[in-house]
Amino acid sequence: MQPTLPDPSQPSVRPAKKQRLFPFAGRIGVGLLLVAGLVFGIVYLRPHPKQSAASDGSADRSSAADRNLPVVKVGSPKLNKTELVRSITQPAFIEGLTKADLMSRVAGVVKTINKDIGDSIKQGDVLIEIDAPDLAKTIQQKSALVDQAAQDLRSAQANVKVVEAAEKSALSAVAEKEADIDRYQAKLKFLNTELGRFGVLVNKDAVLANIMDEKKLEAESAQAAVKAAKAAVATANSEHDQASAKLAEAVVDVDVKKARLAVAKADREQAEIQFEFTKIRAPFDGIVIGRNVDPGAFVQNASTGKSIPLLSVVQIDKVTAVMWVPERDAPYVTKSTEAELHLDALDGKVIHSKVDRYSNWLDPEHSRDMRVEVDLTNNSGPNHLAGAIRPGMYGSMTLVLQRFDKAFLLPESAVFQQNKKSYILEVIKGIAHRTAVRVEFEDGAKMIVCKVKPHDSNDKDVCEKLTGSESIVFSGQSDIADGQRVKPVKVTW
């Protein structure tokens with residue numbers, strides 16, 4: 001048997017060798033898969049270098065930011081369980097409740113001076129008399145003019161009576177003339193009737209014709225009498241009108257004379273008043289504190305020329321304590337504000353009273369302070385002063401402006417100033433908030449404040465009291481901006 005030779009046109013096949021290579025290739029593939037898995041786990045499953053670096057940097061920066069926040073010392077308002085009093089003490093001095101410099105209203109020579117420095121006076125007392133003879137003569141002249149005007153008035157009143165009688169007479173004449181008209185008209189009517197009857201008789205030849213002519217003449221005469229009577233009435237009315245006009249004129253003349261009399265009396269009263277000015281009287285009870293004139297001196301009319309006070313007087317039964325309150329305390333002064341007065345001359349005696357008046361004006365000539373006055377009864381009352389207070393005394397006065405019961409307090413360092421306004425820094429959720437406040441009380445160590453809120457419906461600031469739960473910065477406020485994040489550290493005070 002011939003061996004079978006391989007066909008050169010066909011690829012040679014080695015089955016046995018092929019079977020030996022497959023197990024080796026499988027082992028290589030498994031190894032490659034293991035290596036690939038290891039590389040995948042290393043490359044893709046571990047954190048990315050850039051991501052890890054970024055995450056670590058953010059945490060570092062956050063920690064650094066927290067560490068860089070400004071540390072502020074904060075505390076809460078403290079409740080004061082006792083009453084606090086806000087008061088002010090200022091120098092005070094005593095003035096008379098009223099003071100007057102007396103001058104002359106007339107020119108003349110000083111005749112007498114009835115009161116001198118230190119003398120007590122009563123309202124209406126004659127203190128000085130001035131000799132003014134020209135004024136006395138003026139009174140005499142004005143009195144004579146009054147008498148003359150009074151006589152003229154009496155004459156005018158008498159004339160009215162005469163004219164009234166004439167007017168009444170004229171009115172009576174009018175009535176009389178009107179009665180004549182009625183009489184003549186009645187006669188005329190009778191004659192006309194009679195004339196008619198005679199006409200009938202003439203036609204019947206019962207009466208002669210010449211009698212008829214006579215009756216006609218009588219009727220015509222009566223007609224003329226009626227006309228004359230009417231003319232007389234017109235004349236009487238004219239005369240009555242003239243009498244009435246004269247009466248009205250006489251009445252007006254009386255009114256004129258009355259007015260002239262009133263003017264004359266007013267002139268005399270003016271002269272009497274002017275003469276009364278020669279007596280300088282006390283305007284109120286008090287004492288004389290100054291005198292600048294002697295008897296025999298000539299004084300001018302103060303209203304027309306330069307003049308100095310003749311006397312100065314002051315009331316002492318009631319006096320006034322005066323003090324000046326600074327601008328910051330002025331809004332708290334009322335007419336019910338309690339006052340305590342200490343006068344150096346009274347050996348520590350304390351006088352208790354209340355404010356009676358205040359100027360409500362900050363006087364630029366007194367450091368923009370407000371004048372406050374307290375009236376005191378010097379001779380009686382609860383203070384038992386018995387005239388011990390004298391104008392010019394000096395001392396001090398304390399005003400109790402406010403009383404606070406159970407109020408929340410802050411240390412003075414918690415309040416700071418900006419643009420002449422008061423503020424606090426309140427920390428809320430780590431953020432500092434600047435809040436405007438109004439200081440209601442301070443004693444150099446602690447304060448009572450309220451938060452100033454926006455205007456209400458009446459366009460007024462609303463002040464809100466502290467509650468005690470606030471967290472307020474106690475120091476270093478100038479280094480913290482409004483709205484800045486801070487790191488608060490709680491402290492006690």
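Asn378 lies in the loop between strands β16 (369-377) and β17 (394-405); strands are DSSP runs of E of at least two residues and helices runs of H or I of at least four, numbered from the N terminus. The model is predicted, so local features need pLDDT of at least 70 and side-chain atom pairs count only at pLDDT 80 or more, while totals for chains, interfaces and linings use all residues. Residues are numbered from 1 along each chain as its sequence is written, and side-chain values use heavy atoms, with hydrogens and water left out.

**Surroundings of Asn378**
- Asn378 counts as buried because its relative accessibility is 3% (buried means under 20% relative accessible area, exposed over 50%, partly exposed in between, with a 1.4 Å probe and protein chains only).
- The side chain of Asn378 reaches the backbone oxygen of Ile389 at 2.6 Å and the backbone oxygen of Ile316 at 3.0 Å.

**The chain as a whole**
- The chain has four helices and 25 strands.
- Buried residues make up 31% of its 493 residues.

**Aromatic rings**
- The structure holds three aromatic pairs (rings of Phe, Tyr and Trp, the last by its six-membered ring, with centres within 6.5 Å; planes under 30 degrees apart count as stacked, over 60 as edge-to-face and the rest as tilted).
- One of these pairs is Phe474 with Trp493, which is edge-to-face, at 6.1 Å centre to centre and 85° between the planes.
- Phe474 lies in the loop between β24 (472-473) and β25 (487-490) and Trp493 in the segment after β25, so the pair ties together parts that are 19 residues apart in sequence.
- Phe474 is buried, at 7% relative accessible area, whereas Trp493 is partly exposed, at 34%.

**Salt bridges**
- Side chains of opposite charge can pair when their charged atoms come close.
- The structure has 18 salt bridges (a side-chain nitrogen of Lys or Arg within 4 Å of a carboxyl oxygen of Asp or Glu).
- Asp253 and Lys257 form a salt bridge, their closest N and O atoms being 2.8 Å apart; they are four residues apart in helix α4 (residues 209-276), so about one helical turn separates them.
- Lys465 and Glu440 meet in a salt bridge at 2.7 Å, N to O.
- Because Lys465 lies in strand β23 (residues 461-465) and Glu440 in strand β21 (residues 431-442), this pair ties together parts that are 25 residues apart in sequence.
- Glu440 is buried, at 6% relative accessibility.
- Glu95, Arg357, Arg371, Glu373 and Asp375 are linked in a network of salt bridges.

Key:
Polar contact = N/O pair within 3.5 Å; in protein donor to acceptor, adjacent residues only side chain to side chain.
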